[in-house]
Amino acid sequence: MFDITARNAELISVLAAADKVVPRKPTQPIFGNVLLEATDSGLVLSATDGDVALTAQCEALSTVPGQITLPARTLFDLLKTLPASA
């Protein structure tokens with residue numbers, strides 16, 4: 001498991017772009033997710049609908065590199081409810 005620290009506004013911006021790629025009703029469940037990869041250089045987010053792919057990076061601190069897929073829409077909605085300073 002990894003731990004990341006990033007600015008909420010920056011994550012929302014990147015996830016907003018990913019949200020445009022992720023289909024509302026994916027043909028395969030994984031297409032509804034976004035891949036988060038914590039690296040030494042930041043956080044890399046990847047999303048696809050099978051035809052179009054998006055990869056974006058944002059500044060983040062990570063104690064342990066790793067990766068996980070999470071439901072894109074749920075993560076985006078959750079981050080929007082947090083205060084800007086979170």
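**Entry 1: S46**

I found S46 in strand β3, residues 42–48; strands (E, at least two residues) and helices (H or I, at least four) are DSSP runs, numbered from the N terminus. The model is predicted, so I took local features only at pLDDT of at least 70 and side-chain atom pairs only at pLDDT 80 or more, while totals for chains, interfaces and linings use all residues. Residues are numbered from 1 along each chain as its sequence is written, and side-chain values use heavy atoms, without hydrogens and water.

Is S46 buried or exposed? I noted S46 as buried because its relative accessibility is 18% (buried is under 20% relative accessible area, exposed over 50%, partly exposed in between; 1.4 Å probe, protein chains only). I then listed the contacts of S46 (heavy atoms within 4.5 Å), leaving aside neighbours within four places in sequence: N33, V34, L35, E37, L54 and T55.

**Entry 2: the sheet**

I read the strand order of an open, antiparallel sheet of four strands as β4-β3-β2-β6, where two strands pair if DSSP finds at least two bridges between them. β4 (53–58) and β6 (66–71) are at the edges with a single partner strand each, so one side of each has no neighbour in the sheet. From one strand to the next, the twist averages 20 degrees; axes are lines fitted to C-alpha atoms, for helices over the stretch in contact, and angles run from 0 to 180 degrees between N-to-C directions.

Six bridges join the antiparallel strands β3 and β4. I looked up A47 and found L54 in β4 as its bridge partner. α1 packs on the sheet and touches β2 (33–39), β3 and β4, with its direction at about 180 degrees to that of β4. α2 also packs on the sheet, touching β2 and β6, and its direction makes about 90 degrees with that of β6.

**Entry 3: P71**

I located P71 in strand β6. P71 counts as partly exposed because its relative accessibility is 41%. Not counting residues up to four places away in sequence, P71 touches G32 and N33. I also checked P71 against P23: they are 48 residues apart along the chain, and their C-alpha atoms are separated by 11 Å.

**Entry 4: the lining of the largest pocket**

I noted that β1 (4–6), α1 (8–21), β3 and α2 (72–81) each supply at least two residues of this lining.
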